[in-house]
Each structure stands twice: as C-alpha cells, then as structure tokens.
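Here are some friendly notes to go with the model you asked about. Please have the viewer open while you read.

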Amino acid sequence: MAVLFVAAGMPLPVLYLIQARANMLPVLHTACGDGKCEPPENVSSCPADCPGVTTPAMCGEEPHSDPAGDAVAWGSAPEHRVSSAAECCERCVAHAASPKNAKRPCNSWVFCYMPHCWSLDNGNTHTFGECWLKWQTNPRQPLYGQRGKYTETFRRRNWDKHLTGKMPDGSPRNLSVPTHVPWTGGVLGTLVQYPRVTWSTDIEGIMISSAGERIVPWRAWESRKQNLARGVKAELIP
C-alpha cells in the first residue's frame, strides 16, 4: 500500500480520492441531493439525503415525511420511544396484528431521528426516539402533514417557532427551521417513489411534488366545510 503525506485538515472526500487513486480503489461519487445517503454524508452534512430509507419496503417509508392520522400510540410517552425507524415500523405492525386494536389498527408511523425534531406545534419539544403510531381511515389515499424540503417562504414564516422555551433537560431551546422535515415515517404497504419523486412543503403546509402534484393538507381540528374551503380534496377528508 502506498504511503501518503497529506495536509492537516484536508476534507475527508479529498483524502479518500487521493487514497483511492494511490491504491487503485474505486472512487466514490456522491452528491448531496441525489436521494442517496452515502458516506461521507450524514444527517448533519446532508439533511437532504440522510438518513435515507432504513426500513423494509412494506413499511412504506418516505424520508422527511410526517404521515397523518389519529394517534393510537403517543410517541412522547416514555413507553413509546424506540431506537430506530425500523423498530418504530415493527411497533406499528405489531399493533395492527393485535385483535384488541381491530377497530383502529396502526397503519402509519412517524419516527424522530434527530436530537430535537422541529415541528409546527411549538408548545411541544419532540426529541430522538419518539415513535408515533397512527391510524388512517383510507391508507390507499395516504395523508401527510408535511413532506420533503421546507420552502424558504415557509422557513421565513416560521423562523421563531422553536427559538424559545426549554428542552426536557432544562437547557434553552434554540432551533431554527431546518431545511427538510426532520421526521421519517410511512404508511404500511404504500409504494413509495422516493427519491424519483420528491416533495416540498410551502406556506400553510401545502405540499408540492417534483411530478407537479399539489396537496393541501387535511386538518383534524377543522370541520369538513373548513377543509374543503381551504382546497382539501374531498377524497382526502376522512
């Protein structure tokens, strides 16, 4: 193996490129934003791609998404915290399989993979491990609260949502709006087209896909009439 002398502080991708060429190793070509979370990318350096899909296909995982539905297990409760998205999906599957949950079986799940997961409900502080299990009335028409990348307009509108308050340990809460939805989740059995089709969340939570689809989110706290008035499609109202 060739011995290399490199400058201190040289970026990891450059070091890898030099080492790869010296040892005739294949050169890794990664680009933040290509939909693949590959080394040296991580959730800090490339929130657009990471953490990526980490669950089996049946989980219907879409990174940077917050599937909607009625909560059947509150992720903020200590007993509903898990260590990974895969474990959260497993909890959803187990909930659905239990006869006692036959009326409202879990069919969608949401996992917080960041130390502090930003959200619009700024009265709450969501932290790593939260696993929310939910029930949607028609999973064939899956509902989402937010998806993909936040537009700059959205970020400016909500810039101060988590700049005050306290973390669970008592430390000051100081989190600006991230570039992407800091949650991952899925609707069981849904065929996900990520990363071929990506989404962004704009003002008022309107979600727009790279394929041109535009979805106005259903709000559980509004009446059917109010949802329709905002532009929610009738088939998306439970």
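Which side chain has a polar atom 2.9 Å from the backbone nitrogen of Arg219?

1. That side chain belongs to Asn227, a residue of helix 4 (residues 224-230). A polar contact here is a pair of N or O atoms within 3.5 Å; within protein, one must be able to donate a hydrogen and the other to accept it, and residues adjacent in sequence count only if both atoms are side-chain atoms. Before going on, a word on provenance: this is a predicted model, in which local features need pLDDT of at least 70 and side-chain atom pairs count only at pLDDT 80 or more, while totals for chains, interfaces and linings use all residues. Residues are numbered from 1 along each chain as its sequence is written, and side-chain values use heavy atoms, with hydrogens and water left out.

2. Asn227 has 0% relative accessibility and counts as buried (under 20% relative accessible area; exposed is over 50% and partly exposed lies in between, with a 1.4 Å probe and protein chains only). Not counting residues up to four places away in sequence, Asn227 touches Pro217, Trp218, Arg219, Glu222, Val232 and Ile237; contact means heavy atoms within 4.5 Å.

3. Strand 4 (residues 108-112) is worth a look: 5 of its 5 residues are buried, so the rest of the structure largely encloses it. Helices (H or I, at least four residues) and strands (E, at least two) are DSSP runs, numbered from the N terminus. In a regular strand the side chains alternate between the two faces of the sheet. Ser108, Val110 and Cys112 are buried on one side of strand 4, and Trp109 and Phe111 on the other.

4. Who are the partners of strand 4? Strand 10 (residues 183-187) pairs with strand 4 in the antiparallel sense over 5 bridges, and strand 7 (residues 131-135) is joined to it by 4 bridges, also antiparallel. Two strands pair if DSSP finds at least two bridges between them. Ser108 faces Lys134 in strand 7 and Val187 in strand 10.

5. For your own comparison, a pocket is an open set of points on a 1 Å grid over the protein atoms alone, where a 1.4 Å probe fits, with protein on both sides within 12 Å along at least five of seven lines; lining residues have an atom within 4 Å of a point.

6. The second largest pocket holds about 440 Å³ of space. Its lining counts 25 residues, and Pro142, Arg147, Trp199, Glu213 and Ile215 are the closest to its centre. Strand 8 and strand 12 (207-209) each supply at least two residues of this lining.

7. Ile208 lies in strand 12 and is partly exposed, with a relative accessible area of 32%. Leaving aside neighbours within four places in sequence, Ile208 is in contact with Thr198, Trp199, Ser200, Glu213 and Arg214.

8. Lastly, an open sheet of 4 strands has the order 9-11-12-13, with mixed pairing. Strand 9 (149-150) and strand 13 (214-215) are at the edges with a single partner strand each, so one side of each has no neighbour in the sheet. Strand 9 runs parallel to strand 11 (residues 199-201), joined by 2 bridges, and Tyr150 has Thr201 as its bridge partner there.

Definitions and conventions. Grid points are joined across faces, edges and corners, and a volume is the space filled by probe spheres set on the points.
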